[in-house]
Amino acid sequence: MKNTNLHRSIRAILAAVLTLAMLATSVLSAAALSGSSDEKKAGTILKVPVAQKTAGEIDREITPGEKPVKALGSTKVVEFNGDDKLDQFYAQGGAGSITDVVKFLALNLAVPAPDTSKLEGLKAYPDACSAFQVKNKENGGYYFGRNFDYDPGDMLIIKTNPKKGYKSLTSCDTSILTNSLGYAAGLIPDDLMTRIGLYIPVDGMNEKGVCVSINMINDPVVVSQDTGKTKQICTTALRTIMDRAANVDEAIDILKNCDFHTWDGFLIHLAISDASGKHVVAEWIDNKLSIIETPIVTNFYLTPGPKYGIGTSESMTRYQILTKTLKEKPVMTETDVRDALASVAKSNFPETEHTTEWSIVYNQKTLTATYYRSEHYRDGYVIHL
């Protein structure tokens with residue numbers, strides 16, 4: 001029986017937001033939003049050049065003799081310059097549900113407002129993700145490696161230059177849009193997708209070298225804190241950390257000073273690391289924040305106690321593989337990090353229906369990120385923050 005999971009839920013959320021947005025407005029096209037005063041207030045959207053590390057194209061067919069993987073999705077890289085409205089997000093008390101996020105986007109970032117009642121009850125299904133931090137052998141500092149696991153889809157990488165806050169690179173999965181809207185997907189302009197993407201990232205790095213990844217825990221519990229603090233869900237918390245945290249301690253303070261909420265009975269934990277080499281996982285146990293120092297995070301509880309180990313058996317296998325790898329290579333090159341991510345990618349577990357959508361090697365010293373799509377580890381694409 002399939003259980004709830006972060007990745008399908010985020011993709012379902014995006015589908016609901018965009019599909020209902022199109023239904024709620026009589027005309028939704030690139031022309032409808034381009035040049036509007038609301039768009040100019042929200043920020044400008046630019047395409048970002050991507051440096052290619054090896055031969056190939058970011059969207060290409062599998063070549064003869066290459067390890068077979070499922071088809072690649074598209075990859076778009078955009079830049080947001082301007083006010084991402086995080087101050088307004090705090091002023092309204094944050095967001096304790098995806099409905100709250102949609103209302104915030106509609107009021108502050110010129111995203112057409114859908115019927116939010118239809119966003120309740122979104123369901124998701126189980127899968128994976130892996131992340132780790134390790135010392136950098138090549139130029140000092142640290143690397144943060146991250147696999148985002150799901151079925152093949154479309155990726156949006158956003159380079160955010162906020163009016164207030166730190167610059168960042170974040171990524172989100174937008175494939176549900178093209179899967180569900182068909183030809184109509186072509187009517188969704190990049191600027192609208194980008195504004196939505198600002199508040200639904202699943203991983204990222206900011207200019208201070210703080211890295212965060214969202215990883216699912218397969219445990220049907222609900223976290224719903226209610227102390228009068230700013231409300232956050234996982235993706236808005238990641239946005240806040242990207243904008244406002246210069247190190248792990250500041251990221252922890254952000255989480256301590258919010259009321260965290262899950263929805264639809266799925267739980268996540270956050271892998272957080274910084275340029276000094278500090279690394280933690282943030283979990284919520286019995287509605288309380290738990291911080292555990294660890295360089296490796298997959299998909300089971302790491303907090304000692306009755307919850308420890310609850311998650312998927314495959315995630316424990318991936319954790320053991322990475323633990324062995326880091327023990328053998330406590331200092332790594334970028335290639336070593338890539339290979340470690342490949343060793344726990346989904347093609348190593350053929351009993352599952354999914355693949356690794358993307359792998360990222362974040363260099364927390366040079367502030368570059370190398371992206372590998374759909375387990376094509378020959379071809380890395382670099383973005384400089």
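These legends walk through several close-ups of one predicted model.

Residue numbers start at 1 along each chain as its sequence is written. Because the model is predicted, local features need pLDDT of at least 70 and side-chain atom pairs count only at pLDDT 80 or more, while totals for chains, interfaces and linings use all residues, and side-chain values use heavy atoms, leaving out hydrogens and water.

**Figure 1. The whole chain, for orientation.** The protein chain comes to 11 helices and 19 strands (DSSP runs numbered from the N terminus: helices are H or I with at least four residues, strands are E with at least two). Of its 385 residues, 60% count as buried (buried is under 20% relative accessible area, exposed over 50%, partly exposed in between, with a 1.4 Å probe and protein chains only). Among contacts with a separation of 6 or more, 72% are between residues 24 or more positions apart (a contact is heavy atoms within 4.5 Å).

Figure 2. Average pLDDT for the protein chain is 80, and 71% of the residues score at least 70 (pLDDT is the predictor's confidence in each residue, from 0 to 100). Residues 20–42 stay under 50, with 45 contacts in the model beyond four places in sequence. Residues 55–71 are also below 50, and this stretch has 31 contacts beyond near neighbours in sequence. Where pLDDT is low, the predicted coordinates should not be read in detail.

Figure 3. Leaving aside neighbours within four places in sequence, Y362 is in contact with residues including Y142, F144, L169, M205 and Y371.

**Figure 4. Helices 5 and 8.** In helix 5 (98–108), the buried residues include I98, V101, V102 and L105. A110, which follows helix 5, has a positive phi, near 60°. Helix 8 (234–244) has 10 of its 11 residues buried, so it is largely enclosed by the rest of the structure. Among those buried residues are R239 and D243, along with L238 and M242.

**Figure 5. K231 in strand 10.** K231 sits in strand 10 (230–232) and counts as partly exposed, at 32% relative accessibility. Beyond its neighbours within four places in sequence, K231 touches F89, G93, G94, A95, G96, D100, D259 and H261. H261 is 30 residues away along the chain, yet the two C-alpha atoms are 7.1 Å apart.

**Figure 6. S290 in strand 14.** S290 lies in strand 14 (288–293) and counts as buried, because its relative accessibility is 12%. Apart from neighbours within four places in sequence, its contacts are V281, A282, E283, I285 and T303.
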